[in-house]
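Have the sequence and the 3D view open as you read.

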Amino acid sequence: MIWLTPQERKALWEEYPEVQEMYEKYNGILPEDDGAWERVAERCHQIREQYQTMQVEVALLDVVWQLECLAKRKRGD
């Protein structure tokens, strides 16, 4: 697991605004929303291909983890 400080996350989102856009678009999905998770995975792949850097990998891993945590909280896990 990757733990980013809010400052580190902000810096990555400034460098890779597509990652922040993905977070904002999908932060309301639930664990059982398979279609939305497929779109998240596809968008991650697109961003990964676009940048091909370790920093974008870190940013994507962090955002997916955040989305998973939010989804579980919304469901009540």
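This is a predicted model: local features need pLDDT of at least 70, side-chain atom pairs count only at pLDDT 80 or more; totals for chains, interfaces and linings use all residues.

## Ground rules

Let's start with accessibility: buried means under 20% relative accessible area, exposed means over 50%, and partly exposed is in between, using a 1.4 Å probe and protein chains only.

Residues are numbered from 1 along each chain as its sequence is written, and side-chain values use heavy atoms, with hydrogens and water left out.

## Aromatic pairs

How many aromatic pairs does the structure hold? There are three. To pair, rings of Phe, Tyr and Trp (its six-membered ring) need centres within 6.5 Å; planes under 30 degrees apart count as stacked, over 60 as edge-to-face and the rest as tilted. One of the pairs is Trp 3 with Trp 65, an edge-to-face arrangement with 5.0 Å centre to centre and 75° between the planes. Trp 3 sits in the segment before helix H1 (6-15) and Trp 65 in helix H4 (residues 54-75), so this pair ties together parts that are 62 residues apart in sequence. Helices here are DSSP runs (H or I, at least four residues), numbered from the N terminus. With 64% relative accessibility, Trp 3 counts as exposed.

Another pair joins Trp 13 and Tyr 23, and this one is tilted: 5.3 Å centre to centre, 40° between the planes. Since Trp 13 belongs to helix H1 and Tyr 23 to helix H2 (residues 17-26), the pair ties together parts that are ten residues apart in sequence.

## How the helices pack

H1 and H2 pack at an angle of about 110°, and their axes are 5 Å apart. Axes are lines fitted to C-alpha atoms, for helices over the stretch in contact, and angles run from 0 to 180 degrees between N-to-C directions. H1 and H2 are therefore roughly perpendicular to each other (under 35 degrees counts as roughly parallel, over 145 as roughly antiparallel, 65 to 115 as roughly perpendicular and the rest as oblique). On the H1 side, Trp 13, Glu 14 and Glu 15 meet Pro 17, Val 19, Gln 20 and Tyr 23 of H2, where contact means heavy atoms within 4.5 Å.

Now for H2 and H4, which pack at an angle of about 10° with their axes 10 Å apart. That makes H2 roughly parallel to H4. H2 brings Val 19, Met 22, Tyr 23 and Tyr 26 to the contact, while the H4 residues include Val 56, Leu 60 and Leu 67.

What is the disulfide count? It comes to zero, with a disulfide taken as a pair of cysteine sulfur atoms within 2.5 Å. The sulfur of Cys 44 is 15 Å from the closest cysteine sulfur, in Cys 69, which is too far for a bond. Cys 44 counts as buried at 6% relative accessibility, whereas Cys 69 is partly exposed at 22%.

Finally, take a look at Gln 52: it has a positive phi of about 50° although it is not a glycine. Gln 52 lies in the loop between helix H3 (34-51) and H4, and is exposed, with a relative accessible area of 61%.

Note on methods. Helices (H or I, at least four residues) and strands (E, at least two) are DSSP runs, numbered from the N terminus.
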